[in-house]
Every structure is written in C-alpha cells, then in structure tokens.
Amino acid sequence: IAAVRKKGVSLTGDRADGRFRIFTAKSLPKNISISENYLLVFDRDNGLQKIVVISINIFNDVYGFEGKEKYADLKAGLVSKYGQPVSQLESTGWKLWGEADEFYQCLAYEGCGRYAAIFRTNEGASVVLELKGAGRGTGFLKLTYEGPRWGEAVDTHKVGNSRKDTDAL
C-alpha cells in the first residue's frame, strides 16, 4: 500500500475484508482513458493483487454500437500487449432480450449474453475485459487485472472464513 501511495496514488475508502484491504482511486500513474475510477485490492501476504477499472457509462446506445467500438479498441490494445485472448465470448440474444435494440438489457440479464475476453500475462496474471449492460441503451466497460497470486489469496480467504463460521457455530 505504501509503495502505491509513494507513486502518487491517492487511495480512499479503506475497507478491510479478512486478508484483503480494498481502496478506490480516481487516478493511477498511468490512466486508462475510459476510467471513471479504480478499485484496488491488496492481499495481506502478496500486496496488490487486483485492480478493477469501471468506465464512464455509455448512454443512448440502444444497439450497442459505441460500446462495441470502445470494447474492440481496448481489446486490440490488449491483444497487442498480451497476444490473443485465452478465452472470449461475444454474443447476445440467448434468451429473453433478443432484439437488436435490447443489446444492453441482454448483457445485464444473467444467461442472455456476454461480451468478454480473458488474457494471460507472462507472469501468470489475468486481464479480463467486459462490456456490461446497465439498462436500455446504457452500458459500461469493466477491465479487471488479477495478479498471479489472486486465486491463491481468494482460496485462503475462503478457508479462513469457513473456519470462522465453524468456530462461531
């Protein structure tokens, strides 16, 4: 946390959740143009292990043209840096919201559609790009970095919570 602050990042909203400390920041040393804010998750043992970037909302885009364009631009940047995604799914209309002007409603509805690409870094971290729905004609982009020890930290956190629950019983 101190090393991130030393780089000039103003961390706010310190929240503890077991082995994790969660902060928000309005900017980082290198900002992404779409960002409204950043969520940073520090693991007690491994330091910064997760960064979530949420974009400014995209409004009045019922067909998803603007959202898809921004998604494609970011995806191209990720491909140039990390290579092809290890997994991707860019499809909508599986159920309920199948009309072209219901793009974001579909993305917001579980099981209707998904726009996502997952990349792996050489260090074993993952980067996930998603186009999300917030309602009719409204969506946003979400970019998530998970460090190489994120899965291990989450597993350890779950075991700790399970032990606490068992002890409380």
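A residue counts as buried when its relative accessible area is under 20%, and by that criterion buried residues make up 37% of the 169 residues in this chain. The model is a predicted one, and its secondary structure comes to four helices and eight strands.

**Overall architecture**

- Taken along the principal axes, the box filled by the C-alpha atoms of the chain is roughly 50 × 45 × 30 Å.
- Of the contacts between residues at least 6 apart in sequence, 46% join residues that are at least 24 apart.
- The chain exposes about 10000 Å², and carbon and sulfur atoms supply 48% of that area.

**The largest pocket**

- The largest pocket holds about 840 Å³ of space and is lined by 26 residues, with Ile32, Ile51, Lys81, Tyr82 and Tyr145 lying nearest its centre.
- At least two lining residues come from each of α1 (2–6), β3 (35–43), β4, α2 (65–82) and β8 (138–146), and the largest share, five residues, is supplied by α2.
- By residue class, the lining of the largest pocket divides into 19 nonpolar, three polar and four charged residues.

**The second largest pocket**

- The second largest pocket has a volume of about 160 Å³, and among the 12 residues that line it, Leu107, Glu110, Gly113, Arg114 and Lys132 are the closest to its centre.
- The elements giving two or more residues to the lining of the second largest pocket are α3 (103–108), β6 (114–120) and β7 (126–135), with β7 providing the largest share, three residues.
- The lining of the second largest pocket divides into six nonpolar, two polar and four charged residues.

**Ile51**

- Ile51 is found in strand β4, which spans residues 47–55, and belongs to the group of residues nearest the centre of the largest pocket.
- Ile51 has a relative accessible area of 18% and therefore counts as buried, the cut-off being under 20%.
- Beyond its neighbours within four places in sequence, Ile51 is in contact with Leu28, Tyr38, Leu39, Leu40, Leu143, Thr144 and Tyr145; one of these partners, Tyr145, is likewise listed among the residues nearest the centre of the largest pocket.
- Asp101 lies 50 residues from Ile51 along the chain, and the C-alpha atoms of the two residues are separated by 32 Å.

How values were computed. Residues are numbered from 1 along each chain as its sequence is written. This is a predicted model: local features need pLDDT of at least 70, side-chain atom pairs count only at pLDDT 80 or more; totals for chains, interfaces and linings use all residues. Side-chain values use heavy atoms; hydrogens and water are left out. Buried means under 20% relative accessible area, exposed over 50%, partly exposed in between (1.4 Å probe, protein chains only). Contact means heavy atoms within 4.5 Å. On a 1 Å grid over the protein atoms alone, a cavity is a set of points where a 1.4 Å probe fits but cannot get out, and a pocket is an open set with protein on both sides within 12 Å along at least five of seven lines; lining residues have an atom within 4 Å of a point. Grid points are joined across faces, edges and corners, and a volume is the space filled by probe spheres set on the points. Ala, Val, Leu, Ile, Met, Phe, Trp, Tyr, Cys and Pro count as nonpolar, Asp, Glu, Lys and Arg as charged, and the others, Gly among them, as polar. Accessible areas come from the Shrake-Rupley method with a 1.4 Å probe; for residues, only the protein chains shown count as cover.
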